[in-house]
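Please read the following report with the sequence and the structure side by side.

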Amino acid sequence: MEEKDLQRLLDMLYGMIDEAKSAPFSAERCTINRDEALDILTEIRSRMPLEIKKAQELIRAREEYIASAKKEVEKMLRQADLDAKTIVSESETLQRARMKSAEIIHRAEERTSELYRVANAYTEDALRRTEEAIQMALDEVRQSRVRFRAASNEQMQQIRSGSAPEPEEKSEEKLEENGEN
């Protein structure tokens with residue numbers, strides 16, 4: 001559920017940037033509401049520990065399962081040894097007990113290996129997807145900052161060089177052009 005919420009937040013941030021108004025004189029640069037973008041990033045950042053906690057819980061559950069399986073194997077081995085000792089005189093029964101014990105150990109080791117592999121793969125995938133989502137959002141914010149700074153600097157240079165009238169002068173010029181002054 002948190003993963004969907006995290007994805008929704010990333011989609012909101014993407015939408016905010018995608019739908020932002022273009023900066024003057026530039027089709028690539030845009031202006032976004034900084035507070036909204038920062039609020040969304042803060043929310044994403046606050047949800048990240050939940051994703052990491054889930055991964056840690058999976059690892060902990062895997063380790064508990066492995067420990068439990070080992071205890072079960074040890075218990076089975078002890079039981080197999082007891083059974084074998086009680087029927088020492090019958091070599092065939094003893095041989096079957098050893099084979100069964102070895103088979104149980106082999107199956108437990110295979111199952112432990114498989115669970116370890118699956119848990120690691122899932123944890124790695126969850127952390128990779130989380131990292132990718134955060135990196136994409138961070139890259140988009142960085143690109144927006146660069147475009148915003150460039151547009152702002154460009155406007156400031158135009159104002160300083162006198163090639164672009166001051167904002168107040170623009171309003172007066174428009175009024176004069178419309179004959180409203």
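Helix α3 (residues 91-161) gives the most to a patch of positive charge, contributing three residues, where helices (H or I, at least four residues) and strands (E, at least two) are DSSP runs numbered from the N terminus. This is a predicted model, in which local features need pLDDT of at least 70 and side-chain atom pairs count only at pLDDT 80 or more, while totals for chains, interfaces and linings use all residues. Residues are numbered from 1 along each chain as its sequence is written, and side-chain values use heavy atoms, with hydrogens and water left out.

The residues that gather in this positive patch on the surface are Arg34, Arg142, Arg145 and Arg149. A patch is made of residues with over 30% relative accessible area and no salt bridge, with like charges joined within 9 Å and nonpolar side chains (Val, Leu, Ile, Met, Phe, Trp, Tyr) within 5 Å. Lys and Arg count as positive and Asp and Glu as negative, whereas His and the chain ends are not counted. Arg149 lies in helix α3 and is partly exposed, with a relative accessible area of 48%; here buried means under 20% relative accessible area, exposed over 50%, and partly exposed in between (1.4 Å probe, protein chains only).

How many salt bridges does the structure hold? The structure holds six of them, a salt bridge being a side-chain nitrogen of Lys or Arg within 4 Å of a carboxyl oxygen of Asp or Glu. Side chains of opposite charge can pair when their charged atoms come close. The table lists some of these pairs.

| Salt bridge | Distance, N to O |
|---|---|
| Glu63 and Arg62 | 3.8 Å |
| Arg107 and Glu103 | 3.4 Å |
| Asp125 and Arg129 | 3.0 Å |

Arg107 and Glu103 are separated by about one helical turn, because they are four residues apart in helix α3. Arg107 is partly exposed, with a relative accessible area of 45%, and Glu103 also counts as partly exposed, at 45% relative accessibility.

Asp125 and Arg129 are likewise four residues apart in helix α3, and so about one helical turn separates them. The relative accessible area of Asp125 is 27%, which makes this residue partly exposed, and Arg129 counts as partly exposed at 27% relative accessibility. Both belong to a network of salt bridges that links Asp125, Arg128, Arg129 and Glu132.

Seen as a whole, the protein has four helices and two strands, and from the N terminus on its elements run α-β-β-α-α-α. Of its 181 residues, 24% count as buried. Ala80, which has its place in helix α2 (residues 34-86), is buried, with a relative accessible area of 15%. Ala80 and Ala102 are 22 residues apart in sequence, and their C-alpha atoms are 9.8 Å apart in space.

Finally, there is the confidence of the model to consider. The mean pLDDT of the protein is 81, and 84% of its residues reach 70 or more, pLDDT being the predictor's confidence in each residue, from 0 to 100. Among the elements of the protein, α3 has the highest mean pLDDT (89), while helix α4 (residues 167-177) has the lowest (55).

Conventions
Accessible areas come from the Shrake-Rupley method with a 1.4 Å probe; for residues, only the protein chains shown count as cover. The place of a charge is taken as NZ of Lys, CZ of Arg, CG of Asp or CD of Glu.
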